[in-house]
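Hello,

I am passing a structure on to you, with some notes on what turned up in it. I hope you enjoy looking through it.

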Amino acid sequence: MDELNYKTLEQIPIPEGLEERLSKKIDEWEQAERVQKAQRRHLLPRSLRYTAVAASMALVFGMGYHYFGQDEQANLAEQDTYQDPVLAQQEAERALNLLAANLNKGVGHLEKAKVLSDKAENTLNKQLKALK
Amino acid sequence: MMKRKMIKALLCLMVAMASLTANAQVKAFEKYADMKHVSYVYISKYMLGMAGKSAAPSVPGVDMKSMASKLTGIQIISSEDKSARAKLKSDVKDILAQDKYDVLMQIREDGSKVDIYYRVDKQQSVVVMVVDDDGEATVMVFSGTFTMDDVMKMAK
C-alpha cells in the first residue's frame, strides 16, 4: 500500500523551481533560528552573569563582615582561654563539680522535704486510725 | 541546571554556617571577655573533648565523661569588684529573662545564693549557674546538646 502511494506520488509532476524555492525557504528559516539563538545566548547569560557576580560579591562581603567585621571583644571571646589541655581539663572539672555539688544540694533538700512530708503523713494516718 | 547548582551551593553554605553557630558559645555572655574587673574563661568543645578523654570523675557516681562529650562549651564569668558584680548580676538577669530561661533550682544557704537556670533546645541546650558567695559573683554557662535527664544524672 505504502509502495503504491510512493509510486503514485513519484508520478506527480513537480512544478519547476519548487525544489530551489523550498531549499531557499529552509535556509531562511535556519538562518532566522540561528540569529534568534545567538540573541538569546547573548541576552540571557549576560543578565544572569551580572546577577551571579552581584550575588557572589554580596555573599563574600556578608561572610567577611560576619567573621572578620566583628569587634575585638567577640574575637577575644571566641578564643580558648587555656592553650594547655590539662589546665582546661582542671577548670572544666571544677565547673562540672560545682554544678554537680549544687544539684546534689538541691536534690538533698528535696529528699529531706520528702522524708518530713512522709513522716507527717504517717502521723496523720496514725491519728486518724486512733480516732476510728 | 545552573539554578539547581546555585541553590545546592547556597544550601550547603547555610548548613555550614548553622553548624558553626551551633558549636559556638552562648553569644549573650561573650561581652564579658574584655570587661574590666571581670574574669572570663571559655573552654571550647575541643578542649572539653580532650578533658573527657583523660579525666577521671572526681565526684563519685557522677558521669563526667558523658556530660563532657555532650558539652560544646563552658563559659565562666566571675568578679569580686562590687560595681562589676552588680552589673554582672543585673545583666545576667536580663539575659535570662530575654532568652526565656526556666528556673531549675534556687539554693540559699549560709549566706550564699545559688540559682540554676536552663533552656533546652534541639540545636543548643544551656544551663546557667549563678553563684553569689562571699563577695564574689560567678556565672557558669554550660552549653551543649544535652537533655535535662543528662543534667540530673549529675546529681547522685
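In what order do the six strands of the open sheet in chain B run? The order is 1-2-6-5-4-3, and the pairing is antiparallel. Strand 1 (39-44) and strand 3 (102-109) of chain B stand at the edges with a single partner strand each, so one side of each has no neighbour in the sheet. From one strand to the next, the twist averages 10 degrees. Please keep in mind that this is a predicted model.

Within that sheet, strand 2 (residues 71-79) and strand 6 (residues 136-144) of chain B run antiparallel and are joined by eight bridges. Leu71(B), for instance, has Gly144(B) in strand 6 as its bridge partner.

Helix 4 of chain B packs on the sheet, where it touches strand 2, strand 4 (112-119), strand 5 (125-133) and strand 6. The direction of helix 4 makes about 35 degrees with that of strand 6 of chain B. I also looked at the length of this helix: at 1.5 Å a residue, the 17 residues of helix 4 (residues 82-98) should span 24 Å, and this agrees with its end C-alpha atoms, which are 24 Å apart. Just after helix 4, Lys100(B) has a positive phi of about 55 degrees.

As for the chain overall, chain B has five helices and six strands, and from the N terminus on its elements run α-β-α-α-β-α-β-β-β-β-α. Of the 156 residues in chain B, 33% are buried. Among contacts in chain B with a separation of 6 or more, 57% are between residues 24 or more positions apart.

Best wishes

Technical notes. Residues numbered from 1 in each chain as written. Chains lettered and ligands numbered in written order. Predicted model: local features only at pLDDT ≥ 70, side-chain atom pairs only at ≥ 80, totals over all residues. Helix = DSSP H or I, 4+ residues; strand = E, 2+ residues; numbered from the N terminus. Expected span 1.5 Å × (residues − 1). Buried ≥ 20, exposed ≤ 12 C-beta atoms within 10 Å, placed from the backbone. Contact = placed C-beta atoms within 7 Å. Pairing = 2+ DSSP bridges. Axes fitted to C-alpha atoms, helices over the stretch in contact; angles between N-to-C directions.
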